[in-house]
Amino acid sequence: MLQAMAQFMGQVRGRKATFDSDRVVMSGGATGAQETLAFCLANPGEAFLVPTPYYPAFDRDCCWRSGIKLLPIECHSFNDFRLTEEALVSAYDAARRQGIRVKGILITNPSNPLGTITDRGTLAMLATFATEHRIHLVCDEIYAGSVFAKPEYVSIAEVIERDVPGCNRDLIHIVYSLSKDFGLPGFRVGIIYSYNDAVVACARRMSSFGLVSSQTQYFLARMLSDEEFIGHFLKESTRRLAARHERFTSGLREVGIGCLRGNAGLFTWMDLRGMLREKTPEAELELWRVIIHKVKLNVSPGTSFHCREPGWFRVCHANMDDETMEVALDRIRGFVRQHQRRAKAERWAAKGQLRLSLPRHGAAAAASPYLALSSPMSLLSPQSPMVHAAS
């Protein structure tokens, strides 16, 4: 299984990096892999720096049992949430001033929730920074095989081989899993790939607490060794992801809703800042509750990803069939159009050009301008699985 996984990791990354099967450690999903690395690399009270917004389950995976801390590297929408050296240095220095020992940097590439990749230059900067400050760099590459548009994906493994020859490889670690690229979360197959012999040895001992069954390993080894099948699978998967992403984002553009320009992953980073009653986390959560309870769509608010700019939402659009996605789009567009009509009417009323008498919908309507919308159920298809799930 280890040889098949090393071969597969190289195939997914376009043969631009090589992987040694002796450095592959199996784990119970990426969750187990992240926790194992946290135990191996840091002590309780020490910290990893993480660019925001970031996958919220990292707080559980890395911190709950290990006792380490995750400290944000603040990224912003004005440059599409790209990680800069200035932001990294600022976060590192702030932690040091607080007396917190920084043991590493944790990134996701491609990013969850942004759906974007980290460019070669940024990866080289991170590897150089890690070497100079003798801290670890953990790259979660769980969506490496789900990049569906240019620019092409670049792995940290390729960067340290080609771009940063002086990098201290003992500080570089990769997390991977079959959960996303192959849609096999129930198999619980995670991977730690470390260039550090001591970490590999320690992680292999700790893997006893999250073993992948021998039957699962046998089945997957046979599948991953079939390079022709894997090639066809990845090509078709990325084709479908590209088509779905384009359909979903174009559907949102019809009602003026923008998204961060993404090229990877199973989701879209949707911009609803214009629909907030005010630019606060509380207003974002208020809007989120309306989307969940009234519009009946399961989206995730940016605050759950530690995003400091209210109004961004992650929408997973690849975990449903085409018909269900169209239902979801209809609900979003219907909701946005009603919001736009209401906002326009209120602007006219504020100018004294139109006097409105809007119906009240109980006490909640007075507290939230969104809850005065009529029920979106009239927009829904009775065949939608989301309707059944909510009933």
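1. Threonine 36 touches Ile192, Ala203 and Met206, leaving aside residues up to four places away in sequence. A contact here is a pair of heavy atoms within 4.5 Å. Threonine 36 sits in helix H2. Threonine 36 is buried, at a relative accessible area of 9%. Buried means under 20% relative accessible area, exposed over 50%, and partly exposed in between (1.4 Å probe, protein chains only).

2. A word on the source. This is a predicted model, in which local features need pLDDT of at least 70 and side-chain atom pairs count only at pLDDT 80 or more, while totals for chains, interfaces and linings use all residues. Residues are numbered from 1 along each chain as its sequence is written, and side-chain values use heavy atoms, without hydrogens and water.

3. The chain as a whole comes next. The chain holds 13 helices and 11 strands. Helices (H or I, at least four residues) and strands (E, at least two) are DSSP runs, numbered from the N terminus. Of the 391 residues in the chain, 54% are buried. Among contacts with a separation of 6 or more, 73% join residues 24 or more positions apart.

4. Helix H2 (residues 29–41) meets helix H7 (residues 197–206). Their axes come within 10 Å and cross at roughly 125°. Axes are lines fitted to C-alpha atoms, for helices over the stretch in contact, and angles run from 0 to 180 degrees between N-to-C directions. H2 and H7 are therefore oblique to each other. The classes are these: under 35 degrees is roughly parallel, over 145 roughly antiparallel, 65 to 115 roughly perpendicular, and the rest oblique.

5. The crossing of H2 and H7 is right-handed. Right-handed means that the near helix is turned clockwise from the far one by less than a right angle; anticlockwise is left-handed. H2 brings Thr36, Leu37, Phe39, Cys40 and Leu41 to the contact, and H7 brings Val199, Cys202, Ala203 and Met206. The contact of H2 with H7 has 8 nonpolar residues, 1 polar and no charged. Ala, Val, Leu, Ile, Met, Phe, Trp, Tyr, Cys and Pro count as nonpolar, Asp, Glu, Lys and Arg as charged, and the others, Gly among them, as polar.

6. H7 has two sides. Val199, Val200 and Ala203 are buried in H7. Seen down the axis of H7, these buried residues fall within an arc of 100°, so they line one face of the helix. The arc is taken over the directions from the helix axis to the C-beta atoms. Their cover includes strand E1 (24–27), H2, strand E6 (172–177) and strand E7 (190–194). Asp197, Ala198 and Arg205 are exposed on the other side of H7. Arginine 205 has a relative accessible area of 61%.

7. Helix H8 (residues 214–224) can be read in a similar way. Its buried residues are Thr216, Leu220, Ala221, Met223 and Leu224. They cover an arc of only 165° around the axis, which puts them on the same side of H8. The buried residues of H8 pack against helix H1 (2–12) and H9. Ser214, Gln215, Tyr218 and Arg222 are exposed, on the face of H8 turned away from its buried side.
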